[in-house]
Amino acid sequence: MEKILIVDFGSQVTQLIARRVRELNVYCEIHPYSKVNQELLAEFQPKAVILSGGPSSVIDGFSPRIDLELFEFGVPVLGICYGQQLMCELLGGKVSDSSDREFGRAFVEIDKESPLFKNIWKKGEKYQVWMSHGDRVENLPDGFEVIAKSDGAPFAAVANEAKKFYAVQFHPEVTHTPDGAGLIGNFVKKIAGCAGGWDMSSFLDEEVQKIREIVGDKKVICGVSGGVDSSVVAALIHKAIGDQLTCIFVDLGLLRENEREEVEARFEEKFHIPIQVVDASGRFLSLIDGVTDPEQKRKIIGKTFIDVFEEEAGKIDGAEFLAQGTLYPDVIESVSVHGDAAVTIKSHHNVGGLPDRMNLKLLEPVRELFKDEVRKLGLELGMDEDLIKRHPFPGPGLAIRIPGEITHEKLDILRKADTIYIDEIRKAGLYDEIWQAFAVLLPVKTVGVMGDARTYEYVCALRAVTSTDGMTADFYNFSHEFLGNVSTRIINSVRGINRVVYDITSKPPGTIEWE
């Protein structure tokens, strides 16, 4: 299989490089620079290497470095931003601090025709790119030449055509460089010679075989939530090993309206996968009774889920594996670029192992995929589009959509309001345009007038955002007419709510969920 190795130096947008490569139907992996050595290269056997950007300065003596052996491996190399500066310095050039810094939109002028620019950029023309640098290359290593320049970077793009080494000061992986995906495509396909045969169909065949080899005749337990990731994992493993798989669904009592019944029906009637449903709603609700701190809620729910799941797993004889829906972004963000756990971007509940007492081996068949690729895999498995396109739902459920104390009354009110909201979004044909939409029941009551009588009831906040990966988000711009109709229907239909508001906060500074 053709593979591209992406060496990460801590850029905020390294994942986008991988996305651009995967869009070309070429497999790639991101590895922190601290883990890249001759052994990794020999094992991975990349067709080409891409060096990411990063926040460090090459002229700092403690900045990230890689061994020269990477450039002696005999494959094309593309350096981006910090990657360009590091490549040039390691190969004999010079990098210095510049007074002409560039941040944001800039324009490069093409000095020379190059395979990197073929059929995209022409000599003598100017094109928009996205820059983010203070340092810049001052002198080139032997064998390199300038192929593009900008006002703040005389070596905006350079190349050693003989060795197929290319380096750019700008970021081609971001959408703010309109032709960037094409440049990466030229590097991967024209320069590295990748044919682009990797897709979800080939991944499915390979992964099914891999699961069979790993599991053998043992049993696998899979915790399912009804969401996309766990459902795709369950369907994939079931395709590989059939009834050696046992799926467990834990009802926390914090689900949306009819969710438990829908999950049962989906697995048994559509997927034909047996599922064990555990009603632990009373246990969860009693443990969070009176708890108002959001982080404490999350911890109680997370620990209790593990406890319940462990108890159920212990009832299954011969189970040796636990399947999880870990995705590639979870893995990347949980691995420190510098190899130091103290500077990990963030930890994820499904990365890094299980309670030791469970004594189960992890099976993570989609840990190499991004969210959109998991959706494509689901379609390849024949799963319904309505599930594949389903909005994300948080693990703690409605507990983090009711700020403050959780009660049965509040849960019932919120379920009804949320159902109406999503129903109106679907009726308007807007569901697939939105990354995530939900209702929040605020711990605030206001005075209202209904039927000439005074009311004193809760405020319901509506939230809907657009996003590509959930890392950043903006509010969805509903029409006032739509919001007015939803508000009227909720207030008329849900006893306990007399006021509806719409959240227009982006992420950052806010988060998508309220708690």
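Me: With which side chain does the side chain of Gln85 make a polar contact?

Reply: In this predicted model, the partner is the side chain of Gln169, at 3.1 Å. Gln85 itself is found in helix H3, residues 82-90.

Me: Is Gln85 buried or exposed?

Reply: The term buried applies under 20% relative accessible area. Gln85 has a relative accessible area of 3%, so Gln85 is buried.

Me: Let us turn to the sheet. In what order do the 5 strands of the open sheet stand?

Reply: The order is S12-S11-S10-S13-S14, with parallel pairing. Strand S12 (275-279) and strand S14 (361-363) are the edge strands, each pairing on one side only. On average, neighbouring strands of this sheet are turned by 30° against each other, direction ignored.

Me: How many bridges join strand S10 to strand S13?

Reply: There are 4 bridges between S10 (residues 219-223) and S13 (residues 319-323), and the two strands run parallel. As one point to locate on screen, Lys219 stands opposite Ala319 in S13.

Me: Which strands does helix H5 touch as it packs on the sheet?

Reply: Helix H5 (residues 200-215) touches S10, S13 and S14. An angle is taken between N-to-C directions and runs from 0 to 180 degrees. The direction of H5 makes about 170° with that of S14.

Me: Across which strands does helix H9 lie?

Reply: Helix H9 (residues 294-313) lies across S10, S11 (245-251), S12 and S13. Relative to S11, H9 runs at about 140°.

Definitions and conventions:
Residues numbered from 1 in each chain as written. Predicted model: local features only at pLDDT ≥ 70, side-chain atom pairs only at ≥ 80, totals over all residues. Heavy atoms only, no water. Pairing = 2+ DSSP bridges. Contact = heavy atoms within 4.5 Å. Buried < 20%, exposed > 50% of the residue type's maximum accessible area, 1.4 Å probe, protein only. Polar contact = N/O pair within 3.5 Å; in protein donor to acceptor, adjacent residues only side chain to side chain.
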